[in-house]
Amino acid sequence: MKKKQFKAESKKLLDMMINSIYTHKEIFLRELISNASDAIDKLYFKSLTDDSVNLNKNDFKIKIDLDKEARTITLTDNGIGMTAEELESNLGTIARSGSLNFKNENAENENTEDISVIGQFGVGFYSSFMVSDRVEVVSRAFGEEKAYKWTSSGADGYTIDEAEKEDVGTVITLHIKEDTETEHYSDYLEQYKISELVKKYSDYIRYPIQMEMTHQVPDKDNEGEYITEINTETLNSMVPLWRKSKGEIKPEEYNEFYKEKFMDYSDPQLVIHSKTEGQATFNSLMFIPENPPYDFYSKEYEKGLQLYSNGVLIMDKCGDLLPDYFSFVKGLVDSADLSLNISREMLQHDHQLKVIAKAIDKKIKNELKRLLNNDREKYDKFFSTFGTQLKYGVYANYGMEKDGLKDLLEFKSSMSEGYTTLKEYIERMADSQESIYYACGESVGKIELLPQLEAVKEKGYEVLYFTDEIDEFAIQMLMEYEGKHFANICKDDIDLSTDAEKEAINKMNEASKELLDKIKEALGDRISSVKFSNKLGSHPVTISAEGYVSLEMEKVLNQMPGANQGIKAQLVLEINSNHPVAQKLENADDETLKKYATLLYSSARLIAGLDIENPTEFSDLIADMM
Ligand code: ADP
């Protein structure tokens with residue numbers, strides 16, 4: 001048949017594989033075995049409902065043959081096979097879109113680094129070109145009479161021809177490259193090497209991976225002599241990692257398993273492995289990634305855990321097993337309580353699945369709590385990566401989940417170097433303090449410049465710093481923590497002054513009513529009121545909000561897609577009664593007062609992190625004054 005060209009993207013990846021100087025070339029075997037195992041899974045599934053599959057559970061296997069002279073490795077599986085069209089579409093185009101997307105994002109340097117990243121990601125079938133100069137795939141699909149052979153020597157394209165094959169399944173032959181000065185490809189033709197690689201990467205594969213092994217054994221009849229014995233051996237233990245007991249598993253094994261299965265290039269930051277018995281009996285193995293998955297913030301991202309029934313995969317991403325606030329968790333659940341051929345729709349209503357989901361949720365929370373208590377540094381790192389999700393969890397569904405999550409929250413604050421939990425805040429609280437104080441801003445730096453902060457800190461009160469958009473919404477949903485309410489220091493109703501101070505400032509406001517009215521008039525409906533205040537420390541002016549909507553909330557709500565821009569915080573212009581500007585205002589004539597009003601209002605907006613409506617007017621006024 002005529003030679004066909006690879007699709008452009010596939011060719012690019014293939015070129016990288018062929019020329020790869022990536023040191024972990026050995027992963028090609030894992031990739032091919034994993035494909036074979038998937039193909040067998042598919043046929044095994046079919047066999048459960050389709051009598052025309054005349055194979056029993058124990059007939060399924062993967063076979064490896066080595067031929068040193070011909071320099072070939074042959075992998076044979078009796079899985080579902082591929083039709084001519086499938087050979088074309090599966091092997092002519094890159095299937096793992098994930099790895100290429102990832103590559104594009106990281107394509108700054110086209111050489112070693114991203115190859116290693118890609119290698120760890122697993123690119124499936126194409127990785128065989130890292131060690132072979134020619135690859136042949138002979139396959140007969142289930143239900144087809146004809147078999148086909150796909151052949152390629154790499155970048156120059158591939159051919160597909162009719163072929164002979166008696167049974168359903170796939171045979172892949174790799175023609176191993178000649179050794180070079182730096183690479184000893186011949187190792188892959190050695191039994192011990194292949195056996196070692198199977199144990200290292202594919203031990204848990206559910207089907208036997210068999211190979212003929214040659215052993216020298218003592219000859220019983222001739223003392224001191226040896227004879228050569230050749231046996232077909234199963235190289236893998238076939239026990240899935242998650243079914244082994246924790247004590248048997250090394251941390252590297254978890255890490256390798258995670259990276260291979262969930263296509264990540266970093267080790268996970270937390271591994272949660274457990275066996276649960278009770279209302280539901282299941283094994284679970286979950287991972288919290290080091291970084292958010294590359295598509296985590298896109299609409300395409302799908303949360304979920306793999307679902308196994310007695311070691312057989314029945315669903316790749318079971319979303320119902322994870323609450324949204326744990327959508328970053330990767331992993332799997334294996335339960336004997338679930339039926340094998342349960343459909344997706346039925347599964348949603350499955351009682352057993354709900355019980356498992358609940359237990360999973362609890363398990364993750366407990367592990368996170370344990371981390372928080374035992375390894376704070378690690379927890380803080382986790383929180384800085386995924387904490388926002390937990391805060392959304394507190395806010396979502398009208399706060400339905402808030403109680404389970406509130407103790408996992410952390411915030412920056414005026415009294416702690418790193419993060420603080422709400423519990424720690426309460427523990428530090430002075431007896432006289434009635435509320436949990438917080439301030440909102442884009443960053444810790446900006447919050448620390450807020451005029452209101454000084455007075456609260458002077459009282460010895462700690463202030464939580466809310467820098468995430470969701471923070472204030474989450475906290476309003478929480479309403480209180482251990483009986484203490486939350487108070488925004490930038491809200492108008494915060495008043496920490498003594499009774500005497502209160503009386504003094506009220507008097508001053510009453511006495512200055514005419515002046516304040518004039519300022520209000522000059523600013524029109526841009527503000528809802530003006531007043532003198534004694535809580536600004538050394539700062540001249542600030543803006544606060546009265547009513548339910550705070551300044552931060554106004555910003556966030558108006559940025560939301562579909563927002564009608566109509567939500568406005570009611571602004572109060574607060575002028576420091578102890579600052580020289582107060583005197584200036586008293587002494588100003590009406591014309592000047594108008595200008596002062598605009599200046600003070602505009603600078604207060606800037607301090608609050610709001611933009612000013614008329615920057616030209618503001619700058620003209622300043623120039624005027626000068
Ligand atoms: P991935 O395994 O991530 O999908 P691969 O490039 O490894 O990507 O394989 C592409 C596709 O080729 C697979 O999804 C599968 O449909 C098919 N395939 C590969 N190997 C086999 C096999 N041994 N038997 C049947 N189909 C296979």
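A residue is called buried when its relative accessible area is under 20%, exposed when that area is over 50%, and partly exposed in between, with a 1.4 Å probe and protein chains only. Helices (H or I, at least four residues) and strands (E, at least two) are DSSP runs, numbered from the N terminus. This is a predicted model, in which local features need pLDDT of at least 70 and side-chain atom pairs count only at pLDDT 80 or more, while totals for chains, interfaces and linings use all residues. Residues are numbered from 1 along each chain as its sequence is written, and side-chain values use heavy atoms, with hydrogens and water left out.

Strands of a sheet pair through backbone hydrogen bonds, either parallel or antiparallel; here, two strands pair if DSSP finds at least two bridges between them.

| Strands | Bridges | Facing residues |
|---|---|---|
| β3 (residues 132-140) and β4 | five bridges | Val 138 and Lys 149 |
| β4 and β5 (residues 158-163) | six bridges | Lys 149 and Asp 161 |
| β14 (residues 411-413) and β17 (residues 463-466) | two bridges | Lys 412 and Tyr 465 |

In the hairpin of β3 and β4, six residues lie between the strands, and Gly 143 has a positive phi near 85°. The hairpin of β4 and β5 has five residues between its strands, and Gly 154 in its turn takes a positive phi of about 110°.

**An open sheet**

Six strands, in the order β15-β14-β17-β16-β19-β18, make up an open sheet with mixed pairing. Its edge strands, β15 (419-420) and β18 (480-481), each pair on one side only.

**Helix α6**

Helix α6 (residues 191-202) has twelve residues and reaches 15 Å from its first C-alpha to its last, close to the 16 Å expected, where the expected span is 1.5 Å times one less than the number of residues. Among its buried residues are Ile 194, Leu 197, Val 198 and Tyr 201. The buried residues of α6 pack against several elements, including α2 (27-49), β1 (62-67) and α7 (251-261).

**Confidence**

The predictor's confidence in each residue is given as pLDDT, from 0 to 100. The protein chain has a mean pLDDT of 87, and 91% of its residues reach 70 or more. Over residues 95-122, however, pLDDT stays under 50, and the model has 51 contacts beyond four places in sequence for these residues, a contact being heavy atoms within 4.5 Å.
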